[in-house]
Amino acid sequence: MPVKLDQELFQHMLPQQANAYQLMSDAELNAALEAIGKEAQEVSEKHLALDMARGKPSPEQTALSRPLLDLLTSASDLTDGASFADNYGDPDGLPSARTLAAELLDVDPAQVIVAGSSSLNLMHDVLDMAYTHGIAGQKPWAQQASELAAAHPGEKLKFLCPVPGYDRHFRITEYYGFENVPVPMTEHGPDMKYVRMLVEGDSTVKGMWCVPRFANPSGVSYSDEVVRAFASLRPAAPDFRVMWDNAYAYHTFARPGETCASLMNIFDALAQAGRDDLVIEFASTAKVTFPSSGMAWVCASEKDIQEIRASFSVRRVSPEKLLQLAHVRFLKDRAGLEAHMERHAELLRPRFELVERKLTDGLGKLAVAAWSHPKGGYFVSFNGPVGSARAIVSRTREMGVKLTSAGATWPSGNDPFDSNIRIAPSYPSLKELSQALDVFVIAVKQVAARLAKVDRGQYAFGDR
């Protein structure tokens with residue numbers, strides 16, 4: 001049967017107290033709305049056209065990697081040990097690229113395949129492999145889904161989706177016909193008691209999406225306890241797999257000396273728990289060098305990587321290796337990558353500090369919202385009053401600022417609380433970001449105040 005959403009599990013994400021507008025008298029509320037309306041009119045007259053919809057590196061960030069483009073020329077040595085970057089071969093990736101990826105994940109290079117520039121493509125390919133041909137010696141998920149629907153009409157295979165979470169993850173499993181089941185996030189990671197109940201009690205649960213460090217969009221890093229809880233899972237389905245998307249493994253912007261949560265190595269945790277074939281890990285240089293023009297990799301147990309290798313061998317003769325060679329020569333090793341990411345941090349840190357300052361100054365005393373305070377990653381997770389997110393995003397767009405669609409952080413774009421908004425501050429300049437956040441704060445205040453009037457039966461959201 002479909003999993004019924006238990007809304008109480010998600011209540012902790014929402015603002016927990018009556019906000020200032022709800023506590024105002026009618027006269028005070030009307031005065032507040034009039035003042036906010038004047039602010040909104042002044043902003044609208046500026047005819048802004050700003051974009052905070054996606055977590056893209058800024059032009060200043062991609063410029064940090066431009067020296068990489070100078071490392072390969074027509075005179076360059078294109079050999080990599082006994083391998084050749086300018087010809088077929090090395091279907092698992094150049095040896096040096098696999099060594100670098102393995103060093104960054106702290107695993108054995110034999111566990112790693114480097115292919116393409118997009119980890120999302122690799123996730124899709126691995127899921128497609130399991131769907132069409134199966135994994136762990138089990139029937140293909142497509143066949144299992146067909147048999148399940150025949151025996152129990154309307155029932156689907158399931159994939160667990162931490163929320164708030166990454167919309168592109170959810171689209172993959174939705175595309176393949178899975179029921180995407182929301183799992184609440186806590187300050188330490190997914191609610192593992194709930195995860196364990198679903199995974200160990202239902203053989204139709206086939207996998208789970210995870211962004212374990214600086215999660216998209218909350219910025220939460222999974223605690224050691226949560227990582228160990230994953231490693232100790234005993235799934236009802238032998239072909240259950242955790243899709244461990246370690247996209248932000250090195251993307252911290254904490255100030256020097258600030259405490260910043262590390263992430264326990266999931267494969268170490270699995271070894272300590274006596275487990276093996278459970279987790280498939282992914283990462284890439286998408287937000288390290290050039291999005292869509294870098295290198296991506298997948299890491300898994302010996303058995304799983306053999307199945308993945310067999311599937312990939314049908315899809316590609318060898319990966320694009322010139323970019324792999326350039327990246328290895330540019331980044332060199334973990335120390336080189338960390339030094340490079342500190343330069344990214346110098347650009348990202350002021351943007352996230354600006355978000356914190358603008359939200360605190362504009363909304364902090366009103367108690368109309370709660371938001372995350374990340375030390376890394378690319379996003380801030382914002383929760384307004386129940387029933388506000390779509391109106392806030394719409395009102396912000398009317399004033400010239402584009403945000404990620406409301407509901408995007410929930411499967412199928414369906415946030416049952418209509419509360420969560422993903423803020424992506426990386427791409428705009430600081431000046432543009434400041435303007436965009438001023439608009440966002442005005443929209444939040446206006447919508448929250450209007451909702452207070454709705455609660456009193458004095459306003460309907462078609463009114464102007």
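The model is a predicted one.

Let's start with the sheet. Three strands make up an open, antiparallel sheet, laid out in the order S12-S13-S15. S12 and S15 sit at the edges, each pairing on one side only. On one flank of S13, strand S12 (residues 370–371) pairs with S13 in the antiparallel sense through 2 bridges. Here Ala370 lies opposite Asn383 of S13, while Trp371 faces Phe382 of S13. The pairing of S13 with strand S15 (residues 420–423) is also antiparallel and is held by 4 bridges. Phe382 turns up again in this pairing, standing opposite Ile421 in S15. In general, strands of a sheet pair through backbone hydrogen bonds, either parallel or antiparallel.

What about the side chains of S13? As a rule, side chains in a regular strand alternate between the two faces of the sheet. In S13, Val380 and Phe382 point one way, with Ser381 and Asn383 pointing the other way. Whichever way they point, all of these residues are buried.

Is Ser388 buried or exposed? Its relative accessibility is 0%, so Ser388 counts as buried; the cut-off for that label is under 20%. Once neighbours within four places in sequence are set aside, the contacts of Ser388 are with Asp418, Val447 and Leu451. Of these, Val447 comes back below, as one of the H15 residues that meet H14.

That leaves the helix pair. Two packed helices are described by the angle between their axes and the distance between the axes. For H14 and helix H15 (residues 430–455), the axes come within 9 Å and cross at roughly 135°. With that angle, H14 counts as oblique to H15. As for handedness, H14 and H15 make a right-handed crossing.

Which residues in H14 meet H15? On the H14 side they are Ala391, Ile392, Arg395 and Thr396. Their partners in H15 are Val439, Phe440, Ala443, Val444, Gln446, Val447 and Arg450. Sorted by class, the contact of H14 with H15 has 7 nonpolar, 2 polar and 2 charged residues.

Methods: Residues numbered from 1 in each chain as written. Predicted model: local features only at pLDDT ≥ 70, side-chain atom pairs only at ≥ 80, totals over all residues. Heavy atoms only, no water. Buried < 20%, exposed > 50% of the residue type's maximum accessible area, 1.4 Å probe, protein only. Contact = heavy atoms within 4.5 Å. Axes fitted to C-alpha atoms, helices over the stretch in contact; angles between N-to-C directions. Parallel < 35°, antiparallel > 145°, perpendicular 65-115°, else oblique. Left-handed = near helix turned anticlockwise from the far one by under 90°. Nonpolar A, V, L, I, M, F, W, Y, C, P; charged D, E, K, R; others polar. Pairing = 2+ DSSP bridges.
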